[in-house]
Amino acid sequence: MATPNLGIKEHSHGGGLPVSKLDVHGSFDPNDFPKPTGREEEWRFTPLRRLRGLHDGRNIADGVVKVEMSAPEGVTVETVGRDDERLARSFLPTDRVSALAYQSFTEAVVVTVGKDTRADEPVFIRVTGTEQGDAYGHVLVRAEQFSSATVVLEYAGTSIYADNVEFVVDDGARLDVVSLQDWDRDSVHVSHQYTKVGRDAHYRSVVITLGGDLVRLSPKVGYTGPGGNAELYGLYFTGAGQHHEHRSLVDHNVSHTRSRVDYKGALSGEDAHSVWIGDVIIGEDTKGTDSYENNRNLVLTDGARVDSVPNLEIFSGEVEGAGHASTSGRLDDIHLFYLQSRGIPADEARRLVIRGFFAEIINRIEVPELRQRITDEVEEKLAFHD
Amino acid sequence: MTTFEIRGLRADVIISEDERKEILKGVDLTINSGETHAIMGPNGSGKSTLAYAVAGHPRYEITEGEVLLDGENVLEMEVDERARAGLFLAMQYPIEVPGVSMSNFLRSAVTAVRGEAPKLRAFSKELQEAMKAMAFDSSFAARGVNEGFSGGEKKRHEILQLELLKPKVAILDETDSGLDVDALKIVSEGINRAKEANGMGVMLITHYTRILNYVKPDFVHVFAGGRVAESGGPELAETLEAEGYERFVKVGA
Ligand SMILES: Nc1ncnc2c1ncn2[C@@H]1O[C@H](COP(=O)(O)OP(=O)(O)OP(=O)(O)O)[C@@H](O)[C@H]1O
Ligand SMILES: [Mg+2]
């Protein structure tokens, strides 16, 4: 799937820039982070102007968002004030927007999956922007020992939104997260998802980004015990003029931990821009890390731009497996030929191949109605593209 | 009664944007419905090129000649139109299409070729039977098209499609290679059923007489140097098996 000369800029390697270790350079004080100029490694792909002030600390908080929640038995959902002492124990903001968001939210959502609870229905948290303007949020999800649950985070409507989401997966617990960025076309969203994976715990995230003018989402995973497993999946469909940026960081700071990162995107239309940064750190003196990351991009039209940067930093000699792959290209005309040679018309063949490209990620969502909705929305965007 | 005619066909393989190479150098061949024509010839003589060029593969370009299906100019049709007009190519190396499930693919193909969506229940029964006939476990239906299939499974999948799509003319490019004896039998039976069901004409490209014991050819052609170098009856296959292509390679070179 490699077709050159598409005006795609692709970076196969990170160029040896050191990755900052999780928690090391974090701070709750926005002033500890200089205002980005766009020249910094972590900001150079983001069109700062289109952040609409989220990074400059101007926060007027004139936006309005509605937050709705629902949860099955065994799971408690609360709305709490800034002073709730459970908040912000699992992370330190790693950039200015994250610190500003933490400084600026008024109410947080706390989801607790009780010890040993097996929640059979998903927890839903829906954030809907109802009035354009900057707005801030905070969510803490804690899956206590040996519990298991699915949490669906849904963002929609119109907003200039920054938030921090904490996922704490205690020992032996399993947490499935679906984060759906389904904003109106004029929205801006900068989000940090900080995850701590406990001993023998399993965290699985599926990030789906379809909407917005600019979405920049940074999932950061660290481990608090051996045997932890983190799977990060992502799908984005970036249309004309949209900027979708995903920056994952997995810090294998503990021995015998596993991670998989697999993000897939399609781009269609003039100035569609997607960015994927996949940082993996294998910490000093750790053993038995098993990690693999992959990013694939399907460029459907001219005028789109892909940046894809896997970045693997290994500080330990005893690694079980570590690798990465990154590909970007057009639809494979040989795939289309095969389908067409069986009578399937060209446009349907394209849809089948693109659907197939995404199916792998969508099928990982274990909430059927969500799977269907996302499939439909992808189809809708595709129809638009045709 | 169907007539499939290839007349004076010349074609290039497109190597890169500005590099091409002529492979077919004037191919003439006529296949009537119900007839089976075996095409035998040395490696690299252009047999697959002929098959792909006729099907409309994007890496080949026809520079001269005609391909007619009942008088209709196939070369003016899109790839999918050719298939819907009744042409089928079983590929030497079937293509893997990741993420597109076999069942989805087959339903789309059948819908396109038959011109209407088959009734869900009837189709799932038809598919089950066709899969069973080609010795596919039902679990294959959910797998990606040819994704991770073994060589033999890919070939059986081609013939499974042949049976579902019921073409007027089928080009089978080395469908027999890489098959064990059991699979060869299964595949041959599939081809023969398709022939009987709708009087399909067959262009059977092969290196070996082995499959010709199951699928009986009416004509045998030697393909060398990008054209049909000699034609005869079934006995020509025996001669070729005994003597090889040496004589033709010299002519072609
Ligand atoms: N991309 C390419 N670049 C250069 N030459 C090519 C390319 N593709 C095909 N060819 C050449 O075209 C010629 C015909 O190939 P073709 O596959 O049609 O032969 P064949 O008769 O089917 O051989 P086989 O019996 O091995 O299947 C060969 O010499 C092959 O090397
Ligand atoms: Mg060949």
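The model is predicted.

Strands of a sheet pair through backbone hydrogen bonds, either parallel or antiparallel. Strand β15 (residues 273-282) of chain A runs parallel to β17(A), and ten bridges join the two. One bridge pairs A:Ile282 with A:Ile314 of β17(A).

Now the annotation. An unreviewed UniProt entry places the feature "domain: SUF system FeS cluster assembly SufBD core" at residues 131-357 of chain A. That span is 63% strand and 9% helix. Its end C-alpha atoms lie 35 Å apart.

The domain division is a separate matter. Chain A splits into domain 1 (4-330) and domain 2 (332-386). Their C-alpha centres lie 26 Å apart. Domain 1 of chain A brings 31 residues to the contact, and domain 2 of chain A brings 20 residues. The area buried between the two domains is about 2200 Å², with 68% from carbon and sulfur atoms. A:Leu235, A:Phe237 and A:Lys264 supply 25% of the area that domain 1 of chain A buries against domain 2 of chain A, more than any other three residues.

Charged pairs also join the domains. Five salt bridges are counted between domain 1 and domain 2 of chain A. Elsewhere in the list of side-chain pairs, A:Asp182 and A:Arg373 meet in a salt bridge, at 3.7 Å from N to O.

Definitions and conventions
Residues are numbered from 1 along each chain as its sequence is written. Chains are lettered from A and ligands numbered from 1 in the order in which they are written. This is a predicted model: local features need pLDDT of at least 70, side-chain atom pairs count only at pLDDT 80 or more; totals for chains, interfaces and linings use all residues. Side-chain values use heavy atoms; hydrogens and water are left out. Two strands pair if DSSP finds at least two bridges between them. Helices (H or I, at least four residues) and strands (E, at least two) are DSSP runs, numbered from the N terminus. UniProt positions are given in the numbering used here, feature names are shortened, and annotations may be inferred rather than shown by experiment. Domain bounds come from an automatic or database domain assignment. Contact means heavy atoms within 4.5 Å. Buried area is the accessible area (1.4 Å probe) that two parts lose on being put together, summed over both. A salt bridge is a side-chain nitrogen of Lys or Arg within 4 Å of a carboxyl oxygen of Asp or Glu.
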